[in-house]
Amino acid sequence: MTVKTHKIAAIGGDGIGVEVVDACLEVLDALAERDGGFALETTNFDWSTDRYKRTGEFMPKDGADQLRAFDAILFGAVGAPDVPDHLTLWGLRLSICQPLDQYANVRPTRMLPGITSPLRGVDRTELDWVIVRENSEGEYAGQGGRSHPGLPIEVATDVSIFTRAGVERIIRYAFQLAQKRPRKLLTVVTKSNAQRHGMVLWDQIAAEVAQDFPDVTWDKMLVDAMTVRMVMHPDSLDTIVATNLHADILSDLAAALSGSIGVAPTANLNPERDTPSMFEPIHGSAFDITGKGVANPVATFWTAAMMLEHLGEKPAADRLMAAVESVTADPSLHTPDLGGKATTRAVTDAVIAAIRGRN
Ligand code: NAI
Ligand code: MG
């Protein structure tokens, strides 16, 4: 059998990001060993806030270019209590996503076995969504500035950028994804009553692209009303597409509704595969629990399954998710964010044992 080698760049980053990525690399090794059909060649990068404090840079100037040599990127989280968050986010995560044009941020949400939703009475059949977040422009395009610092006339602007090309490609991606899912249902989220330019463009482009997908049922929601619908009628939703900011917020709500932010994964995709895509948990570096050994690694394991699927290793991805689900089904293997007492180590060992078929 020919063994295909995938080159993975691993960037743990800060705080629990390092802990969950280390755990995930152990799990991936066990999977590759068990599968036998592929190998992973992992390169670790120490790009982080620590590096910034030492050198003045989160990553080298050509960091994003260095990553082009890899097949995929596994990312933890970036952020530290003593460095402003806008420096860390732009210094590392956005400095990778934007130059590599990972424009589709895909965030599946469903309730894993054994995990309950804070929504009273909601079961697994009623909450199964994929949120597609525009990941290259919109509110996070980086346009804006500050003038007259400290003076009474100080001014600050953050300008949202919506391009026809950028909006059309993400909406088309969302329609394609909705078409592949059993319910073929898409909800396009905007705020086109108050934001009467960019958001109206979204609505128009959605209606245009919809013509190419007659088998997909779609509707429109305003983002504020969407929060209500997610809580009150979760079963009425399936695939969801929204702007960079709106989907950022909605997907944290989605993560909480599915049980914990500690189980929520995401993929930053370049769907054309011109560049490597990046896989990460939704959560941040969680300095409140860093070093305690209790970070939930499930979100990172799930994103690793998305990475394997992207790399064409679907059987290994399925095996990983089956192992993760067998572990979440056992409440004695829940970490404190899920109301349990398990450690990162215990969850990781249990997932590895399930992969090896010993439990
Ligand atoms: P956070 O996601 O780090 O933590 C929020 C809460 O959820 C905390 O109570 C934390 O303990 C808990 N939590 C998060 N992940 C968990 C896990 N795997 N297991 C158990 N509990 C978990 O968000 P927060 O506190 O707003 O941000 C902390 C830092 O992370 C900030 O510097 C922020 O900018 C950064 N951040 C980075 C992200 C990234 O790199 N993609 C995403 C979100 C935040
Ligand atoms: Mg967020």
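Which domains does the domain assignment of the chain give? In this predicted model, where local features need pLDDT of at least 70, side-chain atom pairs count only at pLDDT 80 or more, and totals for chains, interfaces and linings use all residues, residues are numbered from 1 along each chain as its sequence is written. Chains are lettered from A and ligands numbered from 1 in the order in which they are written. The assignment gives domain 1 (1-103 + 264-359) and domain 2 (116-257), with bounds that come from an automatic or database domain assignment. Their C-alpha centres lie 25 Å apart. Domain 1 contributes 10 residues to the contact and domain 2 contributes nine, two residues being in contact if their C-beta atoms, placed from the backbone, lie within 7 Å. On the side of domain 1 that touches domain 2, six residues are nonpolar, three polar and one charged. Here Ala, Val, Leu, Ile, Met, Phe, Trp, Tyr, Cys and Pro count as nonpolar, Asp, Glu, Lys and Arg as charged, and the others, Gly among them, as polar.

An open sheet of 10 strands has mixed pairing and the order E2-E1-E3-E12-E11-E4-E5-E10-E8-E9. Strands (E, at least two residues) and helices (H or I, at least four) are DSSP runs, numbered from the N terminus, and two strands pair if DSSP finds at least two bridges between them. Strand E2 (38-45) and strand E9 (217-222) stand at the edges with a single partner strand each, so one side of each is left without a neighbour in the sheet. Strand E8 (residues 185-190) pairs in the parallel sense with strand E10 (residues 239-242) over three bridges, and leucine 186 stands opposite threonine 239 in E10.

Ligand 1 is surrounded by 21 residues, the closest being Gly79, Gly262, His283, Gly284 and Asn296; a residue counts as near if its C-beta atom, placed from the backbone, lies within 6 Å of the molecule. Helix H4 (residues 85-97) gives the most to this shell, with three residues. By class, the shell around ligand 1 has eight nonpolar, eight polar and five charged residues.
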